[in-house]
Amino acid sequence: MAGRLEQRVVVVTGGASGLGRAIALRFADEGAHVVVGDVRRDPREGGEETLALLGDRGLFLDTDVSRSADVDRLVTTAVARYGRLDVMVCNAGVSGRWSKGLLETTEEDWDAIMAVNLRGVFLCTQRAVAEMVEQEPVDEVRGRVVIISSQHGMIGPPGHVAYAASKGGVVNLVRQVAVDFGPRGVLVNAVAPGKILTGSPEQQDPDTLAYSRARTPFHRLGRPDDVAGAALFLASADAGYVSGVNLLVDGGWMAY
Ligand SMILES: NC(=O)c1ccc[n+]([C@@H]2O[C@H](COP(=O)([O-])OP(=O)(O)OC[C@H]3O[C@@H](n4cnc5c(N)ncnc54)[C@H](O)[C@@H]3O)[C@@H](O)[C@H]2O)c1
């Protein structure tokens, strides 16, 4: 049976680890050619490299999404290799040691998060859309952008000022670009994950886990494949008239 992304050309940023890795592997299973751009090759959670698992459906480029030259090379290489760009998945993001409360956040913390989570998404979306508007439509769509935002872009999560501001920016970037480029056949959407278990168990902060469990109505926290399934929907013909949406994949967190 043909996959839902048969012969589609997809770029996934941050695809070495976590959600990006799950998206890259799921999309390849559905028949896509997947080009991964990341600052590292080995998964943060351990295991085989994404590129090894993608096999001949994949390509990897060392890419820092905060650098426009890297982003340009990523998209240019994907198009040179496979002929077009159907889907850009802007997934690369950071929080960790830079994510603090307002009074503790230094300018360096703020800039480190914004460089990847907001500037990186802007650069990748800009370069992808510039490519998409020049190519012929497939089933009335010239291209799709799927951004991994966060439910933390829609609320004020205690103690994470730069991260929440960056994700809030992304949520509105989705609406803006969907409005500006819908007339030219580009669909732009986001997936907003709740707490999804990524990284290795030792990398989990027990307080964050306890808070997330308390906030999530469904009986388990999320898995990377939960996000990959939603991204697949937005990347596929099933979502041929969906644009400007921030699709929560949060086990009901935001309904709480
Ligand atoms: N895991 C969650 O619970 C959760 C919840 C909401 C939103 N998100 C968002 O989902 C996305 C992925 O999160 P994750 O949990 O898989 O994270 P992760 O840390 O497991 O993986 C992120 C990947 O992005 C890469 N990366 C970091 N900076 C980069 C850069 N400058 N250029 C290119 N690649 C870079 C990392 O090397 C890594 O491979 C992020 O945008 C994150 O904010 C995650």
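How many disulfides does the count come to? A disulfide is here a pair of cysteine sulfur atoms within 2.5 Å, and by this rule the count comes to zero. The structure is a predicted model, in which local features need pLDDT of at least 70 and side-chain atom pairs count only at pLDDT 80 or more, whereas totals for chains, interfaces and linings use all residues. Residues are numbered from 1 along each chain as its sequence is written, and side-chain values use heavy atoms, with hydrogens and water left out.

The cysteines C90 and C124 illustrate the result. In general terms, a disulfide is a covalent bond between the sulfur atoms of two cysteines. C90 takes part in no disulfide, and the nearest cysteine sulfur, that of C124, lies 4.9 Å away. Seen from C124, the closest cysteine sulfur is in C90, and the separation of 4.9 Å is too far for a bond. Accessibility was classed by relative accessible area, computed with a 1.4 Å probe on protein chains only: buried means under 20%, exposed over 50%, and partly exposed in between. C90 counts as buried because its relative accessibility is 1%. C124 is likewise classed as buried, at 1% relative accessibility.

The packing of helices was examined next. Helices (H or I, at least four residues) and strands (E, at least two) are DSSP runs, numbered from the N terminus. Two packed helices are described by the angle between their axes and the distance between the axes. Axes are lines fitted to C-alpha atoms, for helices over the stretch in contact, and angles run from 0 to 180 degrees between N-to-C directions. Angles under 35 degrees count as roughly parallel, over 145 as roughly antiparallel, 65 to 115 as roughly perpendicular and the rest as oblique. A crossing is left-handed if the near helix is turned anticlockwise from the far one by less than a right angle, and right-handed if clockwise.

Helix α1 (residues 18-29) and helix α7 (residues 224-235) have axes that come within 8 Å and cross at roughly 55°. The two helices are therefore oblique to each other, and α1 passes α7 in a right-handed crossing. Contact means heavy atoms within 4.5 Å. On the α1 side the contact involves G18, L19, A22, I23, R26 and F27, which meet P224, D225, V227, A228, G229, A231, L232 and A235 of α7. For the classes of residue, Ala, Val, Leu, Ile, Met, Phe, Trp, Tyr, Cys and Pro count as nonpolar, Asp, Glu, Lys and Arg as charged, and the others, Gly among them, as polar. The contact of α1 with α7 comprises 10 nonpolar, two polar and two charged residues.

A228 is buried, with a relative accessible area of 0%. When residues up to four places away in sequence are not counted, A228 touches A22, I23, R26 and F27. From A228 to V249, 21 residues apart in sequence, the C-alpha to C-alpha distance is 10.0 Å.

Helix α4 (residues 107-132) was examined together with helix α3 (residues 68-82); their axes come within 9 Å and cross at roughly 35°. The crossing of α3 past α4 is right-handed. In this contact, S68, V71, D72, V75, T76 and V79 belong to α3, and L123, C124, R127 and E131 belong to α4. Five of the contact residues are nonpolar, two polar and three charged.

Helix α4 also packs with α5, at an angle of about 15° and with the axes 9 Å apart. This angle makes α4 roughly parallel to α5, and α4 passes α5 in a right-handed crossing. Residues of α4 in the contact include W110, I113, M114 and N117, while those of α5 include V161, A162, Y163 and A165. By class, the contact of α4 with α5 has 15 nonpolar, four polar and one charged residue.

A178 lies in helix α5 (residues 161-181) and counts as buried, at 10% relative accessibility. Apart from its neighbours within four places in sequence, A178 is in contact with V188, S243 and G244. The C-alpha atoms of A178 and G244 are separated by 5.1 Å, although these residues are 66 residues apart along the chain.

Backbone angles were also examined. Q7, in the segment before β1 (9-13), has a positive phi of about 65° although it is not a glycine. D139, in the loop between α4 and β5 (143-148), is also not a glycine and has a positive phi of about 50°. With a relative accessible area of 59%, D139 is exposed.
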